[in-house]
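Good morning, colleagues. Please keep both the sequence and the model in view as I speak.

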Amino acid sequence: MVSAAASVLILTGCSGQAGPHQTVTGLLIRVGGPVTLGHPQNRLPLPGTLVARNTSGEQFTTTTDNNGRFQLSLPPGIYRLTGHSPQVMVNNQQELCIATRTVRVTRRKSLHNIWVVCSIP
């Protein structure tokens, strides 16, 4: 009886996941604009919203913390990451911020240090 219960628990633990997701972490930052003390090369972390959209059109959204850090759990695929922050406005609208590269999520490893950049003159 005990071994049957243990087998059920093991099977449930393996199949209870919603699929093979990986963690993607990074920063939403502003680059350019007026010099900000304490931020090297004029990079400023931003609070805001981040969107990951895959080639199938699926969209995953998260918010950053006040230091611009974000974390997403994404299924395998190729994603374009964009974001915006209320601290980067152009013509009374939040400026679109774009990742420095597309993101390829695989089942094998998490991705870290992805930058989504709000570039201003």
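Predicted model: local features only at pLDDT ≥ 70, side-chain atom pairs only at ≥ 80, totals over all residues.

Let me begin with a definition: two strands are taken to pair if DSSP finds at least two bridges between them.

First, the overall composition. The protein chain contains one helix and eleven strands. Read from the N terminus, the order of elements is α-β-β-β-β-β-β-β-β-β-β-β. Of the 121 residues in the protein chain, 32% are buried. The accessible surface amounts to about 7,900 Å², and carbon and sulfur atoms account for 54% of that surface. As for contacts between residues at least 6 apart in sequence, 55% of them link residues at least 24 apart.

I turn now to strand 3, residues 49-54. Which way does strand 3 run relative to strand 4, parallel or antiparallel? The two run antiparallel, and five bridges join strand 3 to strand 4, residues 59-63. Within this pairing, Ala52 lies opposite Phe60 of strand 4. Strand 3 is also joined to strand 6, residues 77-84, by six bridges, and this pair is antiparallel as well. Here Leu50 has Gly83 of strand 6 as its bridge partner.

Next, the connection between strand 3 and strand 4. Their hairpin has four residues between the strands, and Gly57 adopts a positive phi near 95° there. Ser56 also belongs to the loop between these two strands. Is Ser56 buried or exposed? With a relative accessible area of 63%, Ser56 is exposed, because the threshold for that class is over 50%. The C-alpha atom of Ser56 is 9.2 Å from that of Ile78, and the two residues are 22 apart along the chain.

Finally, I would draw attention to two asparagines. Where is Asn92 located? Asn92 sits in the loop between strand 7, residues 89-90, and strand 8, residues 93-94. Its phi is positive, near 65°, although the residue is not glycine. At 74% relative accessibility, Asn92 is classed as exposed. Asn113, by contrast in setting, is placed in strand 11, residues 111-120. Asn113 likewise has a positive phi near 65° in a residue other than glycine. Its relative accessible area is 66%, so Asn113 counts as exposed.

Thank you for your attention.

Terms used. Residues numbered from 1 in each chain as written. Heavy atoms only, no water. Buried < 20%, exposed > 50% of the residue type's maximum accessible area, 1.4 Å probe, protein only. Contact = heavy atoms within 4.5 Å. Areas by Shrake-Rupley, 256 points an atom, 1.4 Å probe, with all protein chains shown as cover.
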